[in-house]
Amino acid sequence: MKIPKSTLEQWQVLQAIVECGGYAQAAEALHRSQSSVSYMVAKLQEQLGVELLEIDGRRARLTRNGEALLNKARELLGDAFQLEQLAGSLADGWEPQVSIAVDSLFPVELLVKVLREFEPWARHTQVNLEETVLSGSEDALVEKRVDMAIVSRIPSGFLGDALMDIEFVAVAHPCHPLHVLGRELELDDLSRNLQIVVRDSGTLNPRDHGWLNANQRWSVTSPHTRMEMICNGIGFGWLAEHKIKQQLEQGLLKPLPLRVGQRRKLSLSLVVANPELAGPGTCRLANLIRKVVADGIQLRPLCE
């Protein structure tokens, strides 16, 4: 195994000389003697066989080679500091990784705000986000793939906190044949038309939420794709109202005049997989989710 001739300490001393403007100033900043500073740089140049500094008046300046090498050394010094900070975070109990599964119905505005507020606290914690449909988040919990999940149904053996209710409304394009009928709609009317549903991303206990057992059904994996299809006149479906607010305002979608069942409701809950063993990162992220949901979806500007 090859061992570097130079040390991070030597490069740190060189950086201090350049930033402080001289040997004496660097020695004072590093709380070292000037002779030790001079020796370390001289030894570094000898080990590398390259002149790193030149004296310009009373200031020490980098040579061209010295500038190229110190630029690379700054990256190494930054990595070393991050490594020490990571060690400190781990010593405090912060997990190196936090995994979360989030139901696709959870408002993206809230998710972005949660992650934005979590990021300054978790500089050394990797976040793994799994976006799911229907029972997908439940599977992630049962299979122990995540530390927490936002679910539409709490699986057996887990406890959760209610977060919010999601309102669904039956919609189709304004020119869809169901709207052309010009009257209140019954179940038979819907069963004779194409329904667009989202396929469950879970595999343990998959379910068909909202399907009417219609003769015509198309399944897609993306809720966004389903919305785009319905906006373009392909089929009908129950869509989350907060996801289609703009499309309703723009007239791309119109609620179906159902006599009964036009609106539906589904509750989302937060489940921490193992509350007793949850680390600081998991706990903070869970608390941020609860707080952000309680505060609503008003986002703080990126620049203030």
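One aromatic pair is counted in this structure, where rings of Phe, Tyr and Trp (its six-membered ring) pair if their centres lie within 6.5 Å. The pair is formed by F236 and W238 and is edge-to-face, at 6.2 Å centre to centre with 70 degrees between the planes; planes under 30 degrees apart count as stacked, over 60 as edge-to-face and the rest as tilted. This is a predicted model, in which local features need pLDDT of at least 70, side-chain atom pairs count only at pLDDT 80 or more, and totals for chains, interfaces and linings use all residues. Residues are numbered from 1 along each chain as its sequence is written, and side-chain values use heavy atoms, with hydrogens and water left out.

**Aromatic rings and charges**

- F236 and W238 are both buried; buried means under 20% relative accessible area, exposed over 50%, and partly exposed in between (1.4 Å probe, protein chains only).
- W238 also has R264 over its face, at 3.7 Å from the ring centre.
- A charge sits over a ring if NZ of Lys or CZ of Arg is within 6 Å of the ring centre and within 35 degrees of the ring normal.
- At W121, the charged end of R284 sits over the ring, 3.6 Å from its centre.

**Cysteines**

- The whole structure holds zero disulfides, a disulfide being a pair of cysteine sulfur atoms within 2.5 Å.
- For C231, the closest cysteine sulfur is that of C175, and at 13 Å it is too far for a bond.
- C231 has a relative accessible area of 7% and is therefore buried.
- C20 has a relative accessible area of 31%, so this cysteine is partly exposed.

**Helix packing**

- Helices (H or I, at least four residues) and strands (E, at least two) are DSSP runs, numbered from the N terminus.
- Helix α1 (residues 8-20) packs against helix α2 (residues 23-30) at an angle of about 120 degrees, and their axes are 8 Å apart.
- This angle makes α1 oblique to α2; angles under 35 degrees count as roughly parallel, over 145 as roughly antiparallel, 65 to 115 as roughly perpendicular and the rest as oblique.
- Axes are lines fitted to C-alpha atoms, for helices over the stretch in contact, and angles run from 0 to 180 degrees between N-to-C directions.
- α1 and α2 cross in a right-handed way; a crossing is left-handed if the near helix is turned anticlockwise from the far one by less than a right angle, and right-handed if clockwise.
- Between helix α5 (residues 108-118) and helix α11 (residues 280-295) the packing angle is about 135 degrees, with the axes 9 Å apart.
- α5 and α11 are therefore oblique to each other, and their crossing is right-handed.

**Residues separated along the chain**

- L70 is part of helix α4 (residues 64-91), and its relative accessibility of 0% means that L70 counts as buried.
- I100 belongs to strand β3 (residues 97-103) and counts as buried because its relative accessibility is 3%.
- I100 and L141 are 41 residues apart along the chain, and their C-alpha atoms are separated by 9.2 Å.
- L8 lies in helix α1, and with 39% relative accessibility L8 counts as partly exposed.
- L8 and G237 are 229 residues apart in sequence, and their C-alpha to C-alpha distance is 62 Å.

**Positive phi angles**

- H31 is not a glycine, yet has a positive phi of about 60 degrees.
- H31 is located in the loop between α2 and α3 (34-48) and is exposed, because its relative accessible area is 75%.
- L134 is likewise not a glycine and has a positive phi of about 55 degrees.
- The loop between β4 (126-132) and α6 (136-142) contains L134, which is buried because its relative accessible area is 12%.
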